[in-house]
Amino acid sequence: MNTTSIQAAAAPKMPPQIPYIIGNEGCERFSFYGMRNILTMFLMTSLLLSIPEELRKGEAKDVFHTFVIGVYFFPLLGGWLADRFFGKYNTILWLSLVYCAGHACLAIFENNLRGFYFGLFLIALGSGGIKPLISSFVGDQFDKSNRSLAQKVFDGFYWIINFGSFFASLLMPIFLAEFGPSVAFGIPGVFMFIATLIFWSGRKKYVHVAPTAGKDPNSFLKVVRTALLTTKPGAGRPGLLLALSGVALAIASLCFYKEIGIVPALCSALVLIMGFGGAGAWAQLDRASTKHGEPAVAAVRTVLRLLVLFALVTPFWSLFDQKASTWVLQADQMAKPEWFKSSMMQALNPLLVMLLIPFNNMVLYPLLRRMGLQITALRRMAAGIAFSSIAFLVVGGFQLWLDDGHRVTILWQILPYALLTFGEVLVSATGLEFAYSQAPLAMKGVITSFWNLSVTVGNLWVLLANSSVKGAAVTSYIQSTGTSVTAFQMFFFAGFALLAALLFGLYARGYEMQENYRSAT
């Protein structure tokens, strides 16, 4: 056998089942972004007309970000069900049917507030439940023999997401204006059904990683529980006290549900329990090694380190998801052609993603490597958070112009969209493969659920910020600065993200990279 034949035999092969997953994702993303990107304007112009006009914008933003919180909270449930009981394939298939039912509710209950909100709940449950599983299901199709192709597929995976999003963002505002909400929300439902059918069609080709069915004695939660409860001669249990402090603070946060809303209160409680519980477990983690062994303890230590990184990504999501709420409302104030709908501007984001992913991989990253710069996943993510901060500084400047009565053309929004999208590619596309590769083999679904949970926390910051500006003291302070509430919040979030980027970069310097792919079969 000559050298060429040996190299050909050793070349990694692309799994043949990947097109089914990619096709499913393209249709599913069209369905999701098709309804998501018209949601704020539909709420403003139809469903919330009974609310006084001066309060309607704030209510529409709250509904939108509450929905997004649900979408990125339910990955915890989906990841847990898949990892422990049903496996990824079955969980994805069943929750996809729930997803389809949610779209049907939006189309049917266009004039019924409760029915429409129930549809949003079903979509949040279905979309959120499958969200961490699709990306980790992609990773399951690879092993160590073709692991080098995984990042290309994750980039392609993210590209097809934005392919579906682009056409949905461009077309659905037109369908909403021309044919009404039943058609505009019904078409995404049809695409979700097609997505489910495509995914089902590849059922005999997939690699199925069996669930642990609760039999793993060294699961994440079991190791954490052992670490917190185990006593050590001559030492107290400071970690347990820290975890209990988090529970106490979580209960206290629930008492403020009337002031901040039930969803922000519940999410705040979850964040406090996770944060203090994780810190407490870290303080006593060595106590679990006797019962569970050092490899299990090392795996949990890896997860806890990842959670710190995920927490530092949350400010990025608090900025990114406002392009579908705050930026749409700003676009409504800008000068534009009569035929152009404000929501259509969001089509620029997926279009730029489709251009930037190949540009980065074929031009930017090779150029930076030739210049001697090592482009690691964590460096990309830190830079992406920083770019989102710059984008919000720009839209904050536009808002100051608008508040002063200047005529501002909507074309100016191209600049912040470009900056935010570049940040998105660096953070989100990179984070998909990063989260999968760093997760211990037994916790793939759960760790990608935590990655999605960072989006929930990001939107929680938006809801808390919206609640805070309703207070007299905060409103008075903002007025003293001479800026509007909207502009002030934009600059606040810009500073929030810049601080997160600095902290992320500092923490990432000491992070030890993992490569947790299954062995070749």
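**Close-up views of a helical chain in a predicted model**

**View 1. Helices around the largest pocket.** Helix 3 (53-73), helix 5 (113-140), helix 11 (262-283), helix 14 (326-333), helix 16 (377-403), helix 18 (444-468) and helix 20 (485-508) each give at least two residues to the lining of the largest pocket. Helices (H or I, at least four residues) are DSSP runs, numbered from the N terminus, as are strands (E, at least two). The model is predicted: local features need pLDDT of at least 70, side-chain atom pairs count only at pLDDT 80 or more, and totals for chains, interfaces and linings use all residues. Residues are numbered from 1 along each chain as its sequence is written, and side-chain values use heavy atoms, with hydrogens and water left out.

**View 2. Centre of the largest pocket.** The pocket has a volume of about 1,400 Å³. Of its 43 lining residues, Lys61, Asp62, Val63, Thr66 and Leu463 are the closest to its centre. Helix 3 gives the largest share of the lining, 14 residues. The lining divides into 22 nonpolar, 13 polar and eight charged residues. Nonpolar covers Ala, Val, Leu, Ile, Met, Phe, Trp, Tyr, Cys and Pro; charged covers Asp, Glu, Lys and Arg; the others, Gly among them, are polar. On a 1 Å grid over the protein atoms alone, a pocket is an open set of points with protein on both sides within 12 Å along at least five of seven lines; a cavity is a set where a 1.4 Å probe fits but cannot get out; lining residues have an atom within 4 Å of a point. Grid points are joined across faces, edges and corners, and a volume is the space filled by probe spheres set on the points.

**View 3. The largest cavity.** The structure holds four cavities of 30 Å³ or more. The largest has about 320 Å³ of space. Its 24 lining residues include Arg29, Tyr72, Lys131, Ile161 and Asn452, the closest to its centre. Helix 5 supplies the largest share of this lining, six residues.

**View 4. The second largest cavity.** Its volume is about 60 Å³. Ten residues line this cavity, and Asp155, Tyr365, Arg380, Val425 and Ala429 are the closest to its centre. Helix 15 (348-370) is one of the contributing helices, with the largest share, four residues.

View 5. For Cys255, the nearest cysteine sulfur is that of Cys267, 17 Å away. Cys255 is exposed, at 58% relative accessibility. Cys267 is buried, at 8%. Buried means under 20% relative accessible area, exposed over 50%, partly exposed in between (1.4 Å probe, protein chains only).

Key: Disulfide = S-S within 2.5 Å.
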